[in-house]
Amino acid sequence: MNALLLLIPLALALGCIGLFAFFWAVRSGQYDDIEGAAERIFNDDNEGGEP
Amino acid sequence: MTAAASGLQVAGGPPTLAGYVTRGADGLSAIDLFVDGIHCGGCVRKVENRLAADARIASARLNLSTRRLQVRWRGARGMADTIVAAIAELGYAATPYAQEDVTAADAARARTLQLAFGVAFFAMANVMMLSWALWVGDDGDMGPGTRGLFQWLSALVALPAIAYAGRPFFASAWAALRQGSTNMDVPIAAGVLLTTAMSLSETVRGGPHIYFDGALSLLTVLLLGRWLDQRARSRARSGVTRLAELAARPVALLLPEGSTEAVPAARIRPGQRILVAAGERIGADGRIETGETRIETSLITGEWLPQAAGPGDAVLAGMTNIGAPIVVHAERAGNASSVAEMVQLLEAAEQKKGGYVALADRVVGFYTPVVHGLALATFLGWWLLGGLGWQPALVHAVTVLIIACPCALGLAVPVTQVVAAGRLMKSGILLKSETALERAAEVNMVVFDKTGTLTLPAAALAPVPDRPEVRRLAAGLAAASLHPLARAIRALDPEAPALDGVIEVPGLGLLWAGPEGDIRLGSAEWCGVAAGEGPQAEAWLVAPGLPAIRFALTQQLRPDADRSIALLRATGREVVLLSGDRDAAVAPIAAEAGLDAWQAGLLPAGKAAEVARRVQAGQQVLMVGDGINDAPALATATVSMAPGHASDISRNAADAVWLGSSLAAVPEFLAVAAKARSIIRQNIGFSFVYNAIWVPVAVAGLVNPWIAALAMAASSLAVTLNALRLNRGGGGA
């Protein structure tokens, strides 16, 4: 039973980290352009060079 | 006149956008541009890389969903013009982005729903973890101490989450109740709050009936549906906004020193002078100061033939100048334009129509009393007749409310509408109003406007003699001009080489000194021939050794017009044509489209009255129109559609806007609406069957928390899957 005292807070803490990450993502505009973000992966940061 | 007009063009050049530039606190200049023609990540990359290559530009970010480009740079405001020119070189048109308020409100609402969904999902997952332990340990493996700990932990996670994630529902339900009405959110909020209160009291008492997981999964699923719904609608709205952006070209304001500055139409003040180039819409009401031209008034009056206009003539915002450049002396501010009278008609019509009560809200209207009555009966039955104490009897009664909470109902309608809106968007139809689909499903009469609705917005060339050498010559000359008639002539033979040294004489025509003598393409008078009949937009070609040839604009039926009308008839709907144009112009089009019910010469108020008469006679009317003169009729009809090029006021009045030139969008809209209605009805029917099965179980007091959770998830899944069927198969159109 002592395991519970460690595991449950651990599970909730992990969940909270995920929740805060989600809040940060929404607040910083990560969901504002879902289509564009999906396409950006194909962009070549190397300027001038065609992909 | 000629000299004045050509003088204006010299002074003009592209107007500067400096007025749209803002200065940030960091000393950087910034402008928001709407970039048209962006459709993939490659376009985004091209534009961003091109701008990033300029060392002065601090940042450039293009949003693919909204086509909005935010650029910030160090230096003068005038750089905005360089940026637009650079984007134009890449082949995209950039215009200032002005609809800040609409998109900002949408974005804020989307963010609220996203965050609420995130919180609900997090809490649901964690409470579910604890609930599983409670369900599995239900048969006695779990000691009362551990059970109490798990219940309290669930409450600790669930209570703040429900308070946060439930806000959209609580707020909406509270607003409805305060007005003495009810909507979908009232039973949802009641269900969630009762579930939470009962679970909390059970936790305190150490009882077994904990439904935190049920309340949270309900919120999660409903919030997801709401968010998708909001996203679909915001996308449709931004599509419509985009059309407005494109139409709301900046107005070229003439500055005292003779140059021009681009300003939003709303910033034009009476007494200012604006320059309207050939082919542009007039931005404000006023009088022509200089310039002889032809004005296309179809968006205002429904007449398709351009009218001649000269100094002293009144012009209205929304008319198109298709002749030579003119200077207009503004008499009213750009945002208080001509359409004041039209706006009054429009408001009157909208007030008369009143609120349409959505199907789901109507269902809830009688659903709520029935379910709440059942819950009361359960309580009284168990307490007075069943011999239970009042506390367990109350638990049974609340369980009935939880099970009967219209979760499937709350999800069935938005999900179906999201799927339907997505499907319509694929066909180029943007749905603006929430209840438009339901209203469209009942339509049994379709009323069309003529100019720009049944016919294409741009007039086409009337048939010309099929002599390739003549077409070639005319097209070669016409390449030198941007005049709409010249463009139409150019399209006769786009391959023809453009002739060198063509002189454009503004307001008159084109002149080319050929080897055998002058060749002219222009007005009858200038070419020295007798003008054709009527106030046509026409041009004559005179060349040595050739008879004079006339090119005239004519109205052209949209592709698919006759087929779409036949289709509407085949589905049992009456089709009527109401036009503001003259009899002689309407009759041939009506005949060509196969319509025998038509009326011509209607004023805007007359059109609205005709539609109102039919609506009062019990007809469900779909009005399709594009002009400012159609707006009151659009607002009067049961449901309305406008094509993408329509005037701002009509696009705003219409429930749906379609893109593209085919009229097939009209039957498609009605077909999808009918299919959506049948799916919504099936889903509502399904919810009733589901309740008919589970409510008696709940009344009998046999429901466990895990049964409630399972039943809720299963019903949500079922209605969602059913809604997805809308995407399959043809529209039945």
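How many helices and how many strands does chain B have? In this predicted model, chain B has 25 helices together with 28 strands.

**Chain B as a whole**
- Of the 733 residues that make up chain B, 53% count as buried.
- The chain exposes about 30500 Å², and carbon and sulfur atoms supply 60% of that area.
- When contacts between residues at least 6 apart in the sequence of chain B are considered, 68% of them join residues at least 24 apart.

**Helices H11(B) and H24(B)**
- Helix H11, which covers residues 359-385 of chain B, and helix H24, which covers residues 665-699 of chain B, have axes that come within 12 Å and cross at roughly 5°.
- Because angles under 35 degrees count as roughly parallel, H11(B) and H24(B) are roughly parallel to each other.
- Residues of H11(B), including Phe366(B), Leu374(B) and Trp382(B), meet residues of H24(B), among them Ile684(B), Phe688(B) and Val695(B).
- Sorted by class, this contact of H11(B) with H24(B) has 11 nonpolar and 2 polar residues, with no charged residues.

**Helices H7(B) and H12(B)**
- Helix H7 (residues 185-205) and helix H12 (residues 390-404) of chain B pack at an angle of about 145°, and their axes are 10 Å apart.
- The crossing of H7(B) and H12(B) is left-handed.
- On the H7(B) side the contact includes Leu194(B), Met198(B), Glu202(B) and Arg205(B), while the H12(B) side includes Gln391(B), Val395(B) and Leu401(B).
- By class, the contact of H7(B) with H12(B) has 6 nonpolar, 3 polar and 2 charged residues.

Technical notes. Residues are numbered from 1 along each chain as its sequence is written. Chains are lettered from A and ligands numbered from 1 in the order in which they are written. This is a predicted model: local features need pLDDT of at least 70, side-chain atom pairs count only at pLDDT 80 or more; totals for chains, interfaces and linings use all residues. Side-chain values use heavy atoms; hydrogens and water are left out. Axes are lines fitted to C-alpha atoms, for helices over the stretch in contact, and angles run from 0 to 180 degrees between N-to-C directions. Helices (H or I, at least four residues) and strands (E, at least two) are DSSP runs, numbered from the N terminus. Angles under 35 degrees count as roughly parallel, over 145 as roughly antiparallel, 65 to 115 as roughly perpendicular and the rest as oblique. Contact means heavy atoms within 4.5 Å. Ala, Val, Leu, Ile, Met, Phe, Trp, Tyr, Cys and Pro count as nonpolar, Asp, Glu, Lys and Arg as charged, and the others, Gly among them, as polar. Buried means under 20% relative accessible area, exposed over 50%, partly exposed in between (1.4 Å probe, protein chains only). Accessible areas come from the Shrake-Rupley method with a 1.4 Å probe; for residues, only the protein chains shown count as cover. A crossing is left-handed if the near helix is turned anticlockwise from the far one by less than a right angle, and right-handed if clockwise.
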